[in-house]
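Visitor: I should like to learn how to read a model of this kind. May we look at the structure together?

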Amino acid sequence: LGVTRRALEKGEKLAVTVPSAEAALRSRFGAAHPEPLAAVLALGAAPVTSRSLARDLAQLAPRLTGAVAPANASWWDSFTNSLSGIVRVRETGSAATDPVDRVAAAQTALLIGNVDGAVLQVAALPADKRRIAGSWLANAARLRTGLRGLAVLESAALAPLPPLAAPALAAVPAPVAVR
């Protein structure tokens, strides 16, 4: 499992990095832990890392925050849109609700490896912005589910094995008295 974890953390495909991993994981965990195994294999087939999520979010940020005006926007809309990014007024200590603040908070969370926190911020964006981030959210969900599945498999691998049943002894015939 250590090789599997390293490959997933690097964002490498399991079938390429460790060709025998899928068969070994299926034989060891397939019957007892099918859902965590499926999540690990899905992540191994289409790798996602917190680094790739950060890169993708940085590419999406202008569309999520409205920093990029639509192609058909008037010069006035473009001008006011650019001004809106300069000044932000909110009460000290209040939660960030503006898309710019949420995306910045998500990016900060990803910098420290907090994928769950980043997902919470992006998922709290308005519906139209969440639709833009739909594939990003799906990739983040696959990463979270895959890593949780891997943790389940690692725990199962460390759990003590059930005791072996003692082999049944063959019936020993009673001694026969000779007269």
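**Reading the model**

Guide: Buried means under 20% relative accessible area, exposed over 50%, and partly exposed in between (1.4 Å probe, protein chains only). D56, at 21%, is partly exposed as well. The side chains of R55 and D56 meet in a salt bridge, with 3.3 Å from N to O.

Visitor: On what basis are such values given?

Guide: This is a predicted model, in which local features need pLDDT of at least 70 and side-chain atom pairs count only at pLDDT 80 or more, while totals for chains, interfaces and linings use all residues. Residues are numbered from 1 along each chain as its sequence is written, and side-chain values use heavy atoms, with hydrogens and water left out.

Visitor: Where is confidence lowest, and where is it highest?

Guide: pLDDT is the predictor's confidence in each residue, from 0 to 100. Where it is low, the predicted coordinates should not be read in detail. The protein chain averages 85, and 78% of the residues score at least 70. The lowest mean, 57, belongs to helix α6 (residues 75-84), and the highest, 97, to helix α8 (residues 115-123). Helices here are DSSP runs (H or I, at least four residues), numbered from the N terminus.

Visitor: What span should helix α10 have?

Guide: The expected span of a helix is 1.5 Å times one less than its number of residues. The 25 residues of α10 (residues 134-158) should therefore span 36 Å, and the end C-alpha atoms are 36 Å apart, in agreement. Among the buried residues of α10 are W136, L143, L150 and L153.

Visitor: How many salt bridges does a search of the whole structure find?

Guide: A salt bridge is a side-chain nitrogen of Lys or Arg within 4 Å of a carboxyl oxygen of Asp or Glu. The search finds six. In one of them, E154 pairs with R5, the closest N and O atoms being 2.8 Å apart. E154 lies in helix α10 and R5 in helix α1 (residues 2-10), so the pair ties together parts 149 residues apart in sequence. E154 is partly exposed at 21%, and R5 is partly exposed at 23%.

Visitor: How are R26 and E22 placed in helix α3?

Guide: R26 and E22 are four residues apart in helix α3 (residues 21-29), about one helical turn. Their side chains form a salt bridge of 2.9 Å, N to O.

Notes
Helix = DSSP H or I, 4+ residues; strand = E, 2+ residues; numbered from the N terminus.
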